[in-house]
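Q: Can we walk through this one together, a residue at a time? I have the sequence and the structure open.

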Amino acid sequence: GTGTFEGMRGFWNEEQQQLYLLEAAAHFRRMRRSATILGRPLHESVEELVAATTTLLRRNDVRSDVYVRPLFVLTGEELPVRMHGITARLSIAATPVVGDYIDPGGIRCKISTWRRAADNVMPSRAKVCGSYVGPALAKTEAFNAGYDEAIMLNSRGNVAEGTTSNVFMRRGTEWITPSVNEDVLEGVTRGQLKTLLEERTGAPVT
């Protein structure tokens, strides 16, 4: 659990014969922030990380939708529970994607009995490997109850996020999303959607 990762999508355009990565630089900026929060800063720049990813995809001649998983994790042989003085390693993997992650026709959700960890317990503002144990339990709980997805509350009982995604709600003409102070991960797609909604409606997303 003592590591940070990212999950970025790449979309293959058959007509243009091009693979388009979704906000690769933004994902790597967040990964560098996460690593700094963990006290193990990444030495590679955002530009170097993006270049390494595009090289990986080109050398493997990827011609389909793809999921890219950069992982920066402690890998030393030492056993003590700590962050300092242990070797860390960065890897980047790419996996083909088939089908939609979420049914575009809609999904059924339930409020999970598992709570989103508070930021002073597990740094929710960082994409930390260990922080996904709770969401994994929440997802399985929802599935076993006949639902597609879980909505997680924070320790104060406020809506935080889904198991792997931020939450947006429409009320009349107004769009609402939990604040970054509600123990949520500040998603890259969240930022994109806020910008698109504000451009379309002319009003801020609250």
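Q: Where does glutamine 17 sit?
A: Glutamine 17 is in the loop between β2 (8-13) and β3 (18-21), where helices (H or I, at least four residues) and strands (E, at least two) are DSSP runs numbered from the N terminus. Before going on, please keep in mind that this is a predicted model, in which local features need pLDDT of at least 70, side-chain atom pairs count only at pLDDT 80 or more, and totals for chains, interfaces and linings use all residues. Residues are numbered from 1 along each chain as its sequence is written, and side-chain values use heavy atoms, with hydrogens and water left out.

Q: OK, and what is phi for glutamine 17?
A: Phi of glutamine 17 is near 55 degrees, which is a positive value in a residue other than glycine.

Q: Is glutamine 17 buried, exposed or partly exposed?
A: Glutamine 17 counts as partly exposed because its relative accessibility is 38%; buried means under 20% relative accessible area, exposed over 50%, and partly exposed in between, with a 1.4 Å probe and protein chains only.

Q: Which residue has a positive phi of about 65 degrees?
A: That is aspartate 183, which is not a glycine either. Aspartate 183 lies in the loop between β10 (174-176) and α4, and with a relative accessible area of 6% it is buried.

Q: Switching to helices: how do α1 and α2 cross?
A: The axes of helix α1 (residues 24-37) and helix α2 (residues 46-59) come within 9 Å and cross at roughly 125 degrees. Axes here are lines fitted to C-alpha atoms, for helices over the stretch in contact, and angles run from 0 to 180 degrees between N-to-C directions. The two helices are therefore oblique to each other, given that angles under 35 degrees count as roughly parallel, over 145 as roughly antiparallel, 65 to 115 as roughly perpendicular and the rest as oblique.

Q: Which residues of α1 and α2 meet there?
A: From α1 there are Ala24, Ala25, Phe28, Arg29 and Arg32, and they meet Val46, Leu49, Val50 and Thr53 of α2, contact meaning heavy atoms within 4.5 Å. The residues of this contact divide into six nonpolar, one polar and two charged, where Ala, Val, Leu, Ile, Met, Phe, Trp, Tyr, Cys and Pro count as nonpolar, Asp, Glu, Lys and Arg as charged, and the others, Gly among them, as polar.

Q: New topic: which partners does the side chain of glutamate 161 reach?
A: The side chain of glutamate 161 makes a polar contact with the side chain of arginine 116 at 2.5 Å, and it reaches the backbone nitrogen of leucine 185 at 3.1 Å. A polar contact is a pair of N or O atoms within 3.5 Å; within protein, one must be able to donate a hydrogen and the other to accept it, and residues adjacent in sequence count only if both atoms are side-chain atoms.

Q: Where is glutamate 161, and is it buried or exposed?
A: Glutamate 161 is in strand β8 (residues 159-162), and at 6% relative accessibility it counts as buried.

Q: Then arginine 115, what does its side chain do?
A: Arginine 115 lies in strand β6 (residues 109-115), and a polar atom of its side chain lies 2.8 Å from the backbone oxygen of asparagine 154. With a relative accessible area of 42%, arginine 115 is partly exposed.

Q: Last one: is proline 204 buried or exposed?
A: Proline 204, in the segment after α4 (188-201), counts as exposed at 59% relative accessibility.
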